Amino acid sequence: MPLHIIKLCVGCESIADLEGWIAETSAERRRRKQPDEQVHTTRMMPKRIPELLEGGSLYWVIKGMISCRQTLLDLRAVTGSDGIGRCAIVLEQKVIPVEPRACRPFQGWRYLDDKSVPRDLAALGRFDADMPESLRRELAELGLL
């Protein structure tokens with residue numbers, strides 16, 4: 001059973017913001033002739049790497065709601081210019097919207113077991129998959145989704 005990570009998506013107002021940032025970063029990496037991969041760097045390296053790489057995802061919290069996920073492709077130990085070890089989380093560039101769920105702020109990242117993850121919107125086959133994100137977020141905050 002895969003294990004997942006949950007993390008705050010600081011600076012993003014919406015899933016569209018995140019997708020825009022991914023597209024900009026991808027274009028810049030291609031322009032510089034670097035590998036076209038999305039890498040998010042964080043301070044702490046997970047200890048349970050094999051479980052995370054067995055189909056795990058990074059679930060993004062945007063404006064207090066778990067909103068979307070990206071599949072984990074790799075976790076690499078890197079050293080910053082300051083000499084401090086970090087973790088480079090390599091992600092699939094495709095962003096998958098999930099059922100919005102409220103989430104309190106926290107620092108860093110947390111493990112999220114497979115039983116606790118919100119379902120992908122596309123897999124639900126419900127009307128809310130085609131709903132604008134802002135409306136979906138508002139209805140979820142009111143407890144109506």
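**Group meeting: strands, cores and salt bridges**

Let me begin with strands β4 and β5, which run antiparallel and are joined by seven bridges; helices (H or I, at least four residues) and strands (E, at least two) are DSSP runs, numbered from the N terminus, and two strands pair if DSSP finds at least two bridges between them. Please keep in mind that this is a predicted model, in which local features need pLDDT of at least 70 and side-chain atom pairs count only at pLDDT 80 or more, while totals for chains, interfaces and linings use all residues. Residues are numbered from 1 along each chain as its sequence is written, and side-chain values use heavy atoms, with hydrogens and water left out.

Within this pairing, T79 has G85 of β5 as its bridge partner, and in the hairpin, where five residues lie between the two strands, G83 takes a positive phi near 85°. Strand β5 also pairs with β2 (residues 38-42), in the antiparallel sense and over five bridges, with T41 standing opposite A88. Five of the seven residues of β5 are buried, where buried means under 20% relative accessible area, exposed over 50%, and partly exposed in between (1.4 Å probe, protein chains only).

Which residues touch the most other members of the largest nonpolar core? They are L18, W60, I62 and C68, out of 19 residues in that core, a nonpolar core being a set of buried Ala, Val, Leu, Ile, Met, Phe, Trp, Tyr and Cys residues joined through side-chain atoms within 4.5 Å. At least two residues each come from β1 (3-8), α1 (15-31), β3 (57-62), β4 (65-79) and β5 (85-91). Apart from this core lies another, of nine residues, including Y59, V61, I66 and L112.

Let me turn to salt bridges, each being a side-chain nitrogen of Lys or Arg within 4 Å of a carboxyl oxygen of Asp or Glu; by this rule the count comes to 10. One of them joins R76 and E37, at 2.8 Å from N to O, and this pair links distant parts of the chain, since R76 is in strand β4 and E37 in the loop between α1 and β2, 39 residues apart. R76 counts as partly exposed because its relative accessible area is 31%. Another joins D120 and R69, also with 2.8 Å from N to O, and here both residues are buried.
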